[in-house]
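Subject: Structure handover

Dear colleague,

Please find the structure below, followed by some notes on what was found in it.

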Amino acid sequence: MSEVAGRRHQISLPQWATLPVVVGGFIVMAWIIIGLTVPLWAPYDPTMLAGRRFVPPGAEHWLGTDALGRDVFTRTLYGVRHSLPIAAAVIASAVVIGCTLGAIAGFVGGIVDEAIMRLVDVTLSFPAILLAMAVTAALGPGLANAAIAMIIVWWPIYARLMRAQVLAVREREHVEAAIASGATPSRVLFKHILPLCWSPIIVNATMDFGQVILLAASLSFIGLGAVPPTPEWGQMISDGALHFYRWWIAAGPGIAILTIVLGFNFLGDGLRDYLDPRSP
Amino acid sequence: MKPHFTGLLAGVAALAASSTFMLPAFAQEQPLVIARNLEINSLDPHRAFCDTCQIYLSATYQGLVKLGPDEKSVVPALATEWTANENQTQFTFKLAPDAVFSDGSPVEAKDVKWTFERLKNVKGDPSFMMAGVQSIETPDDKTVVINMESPNSEFMGILAAPYVGIINSDVAMENGASAGEDAATADQAETWFLANSAGSGPYVLQTYRPDDELRFVRNENFWQDSPPIGEIVIDQVADAVSQAQMLQSGQADIAMQVDPDTASTINSPDIVIETVPSYNFIYVVFSPGAEANQVPLDLEVRQALAYAIDYQGIIDFTVGGEGKMQASPIPNGFPGTEGLPMPEENLEKAKELLASKGLDKGFSIDATVASMNVYGVDLALLMQKVQQDLSRINVTVNIQPVASAVWREQIVKPGIPFSARFYAPDYYGSAQYVQFFGMIPDSWWERNAGGQGKVDVVNQREVELLEKALSSSGEAMEQAYHEIALEMIKDRIIVPVVSPNLVLAYRNDIEGVRYSACCNLPLAEISRK
């Protein structure tokens, strides 16, 4: 018995489970669970009247009510159902587009590399918020259009990252050996190069989740993202700014953005320490 | 050190003493800052049509007459006397002999004729005011005779509107303005008017920077009593909270669009807050001719939607109860509005009407609104309240906030199925509302709600009644406008939802701030204590 107990004490957390990863993961998981289940238990309808307008936080309305008497707490919880999917869609699309083009540029080289990387340079030369605003203004307000704008802003980051990885890995000896042994270019790329390129992409994508949520909220704040009455955090902060002296209207979504961005940053930081220990 | 210190003290004391004596005059020369959302579509008097335009035009131009202090009667301005023939088809004006424009040149009959012809021919938003003017004669330099096609009992009221101010025709023509029948295309002066005024008003335009500021300086050649304040700046401040903050910090002397909710949070002894009833109103509007309509917005559907609106709730939620209902597009208190039935919320009737059209399962309707706060009402917020109301009869309102300039384009083409907008009177008289909101041929809303002729929304009865109202006076006129108002209610194209009280917020060293039914804020009456 004592031997078994002794062994139990020796069980340690996996190497990746550092404190930031655990805290970040917990926050993110909590928000994901809220997003999936909130319609089942939310106290009020997020778009309908829930009480008098401008009720300060209290027992009935934990985060008060807004100008239309909607419950700010309910709307804050529902907000994650807009922010997380949009962040996931933007990151997934940006990773797919960026990594594909980056891998092609790095692997093929020559004029293809030049063409893709100049496009990347041009896109990256615009400040992200400005480019996103221009694209959204052209397409019209709405979360879907904001997502398209953000994909346009984000893919070049992954293209550049993936190209750098491919360039580094293809110089390694095992790749040269594969080429020497007659492997086809696609086999070299998919079997010998790409599997070694994913770590920084994953770390970056995790960190970018928070940034995408912030940008989406910024676009909604300036009226180019979610349209009313969508309970989107940026939109809600914008409503709160109209009624500045009722601090609680913006406080709920503000805290929500803070926690979720912090969660993703912790998670990304921890993953980087584990997957990419060379980075500072 | 000591002698220096004493000298310094003496200097400060002398400066303080001298500034005490100089204070009143010095204070009037300090620029007066007004915080306001400018929202200007043009500064050309004949193309401009906005609330700030009313302030601007009434400060820089003068009409033949102006609205009296009672907000109803007309009193002399450029014209010292006038007569009308018995059936109100001919009006004769005598111009003030000493009236001069800001460049010092005299105001003459030819300027009046040119101005009115340009207003009519340039076909801008306020051109409807000259509808019915047949000819203008100028027997001498100081006499103007205006002949109407048909009687117009309200013509004198129209002449008090800020858009009918007299322009210095020589200066305007030198800069590309035209009054000919082809003025709509031949006139090239709109850009010039963005940087220059050419009137005889108490102020002249110094600079206009879109979305930044509108700056006036005193007209040094003003032929009547010079205005007290030498320089006035209207600073672009979009939202009520920022306006209130500027007022509290002393950066602004007057805040013009503070809503009652924000006003209730201001607790400074230096700030005066007055809440007064206004003739301004916010309405929702249905456009059966808009391309994006998913179901035909015919009369029964419009009636159903109007019945589903919680009018009292809108007043409570948008202006914290500081407003009142309005029956028709003619504001409460104007001729013909006494005893009109107030809008009614009746969900059962709404559902019945939709069921009769086979729409009991509901439908979706696009609602594009300008993202702006007018008279303390945030239009997008108002639309969200309407959205909540209409969801009770299964109607889904898709709100799309856009910039006001975009709204102005979209309402013309492709049209906007459902929207919200606002209006402030240009003079005391009901005809302006019929000519702008009525379903009479070529009115602003007949054109835009009908999709530029795509759907026939004309109400012939309103055409006949307007003719009757314009050719009568007294009770007969009131009765005609009353019947027109009832017809406009029945049309259910324009549905007024709230007439908000106006919040006048200003620092306590300012006096003369008042709401005017034609001109919004008469700048020349403002002074420092």
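**An annotated span and its helices**

In chain A, residues 80–268 carry the UniProt annotation "domain: ABC transmembrane type-1", which comes from an unreviewed entry (annotations may be inferred rather than shown by experiment). This is a predicted model, in which local features need pLDDT of at least 70 and side-chain atom pairs count only at pLDDT 80 or more, while totals for chains, interfaces and linings use all residues. Residues are numbered from 1 along each chain as its sequence is written, and chains are lettered from A and ligands numbered from 1 in the order in which they are written.

Residues 80–268 of chain A are 83% helix and 0% strand, with their end C-alpha atoms 19 Å apart; helices (H or I, at least four residues) and strands (E, at least two) are DSSP runs.

Helix 5 (residues 128–139) and helix 6 (residues 143–169) of chain A have axes, which are lines fitted to C-alpha atoms over the stretch in contact, that come within 8 Å and cross at roughly 140°. Their contact includes eleven nonpolar, two polar and no charged residues, where Asp, Glu, Lys and Arg count as charged, Ala, Val, Leu, Ile, Met, Phe, Trp, Tyr, Cys and Pro as nonpolar, and the others as polar.

**Where the chains meet**

Between the chains, 16 residues of chain B are in contact with 14 residues of chain A, contact being C-beta atoms, placed from the backbone, within 7 Å. On the chain B side, helix 13 (379–391) and strand 18 (395–402) each give two or more residues, and helix 13 of chain B supplies the largest share, six residues. That side of chain B divides into six nonpolar, six polar and four charged residues.

Best wishes

Conventions:
Contact = placed C-beta atoms within 7 Å. Axes fitted to C-alpha atoms, helices over the stretch in contact; angles between N-to-C directions.
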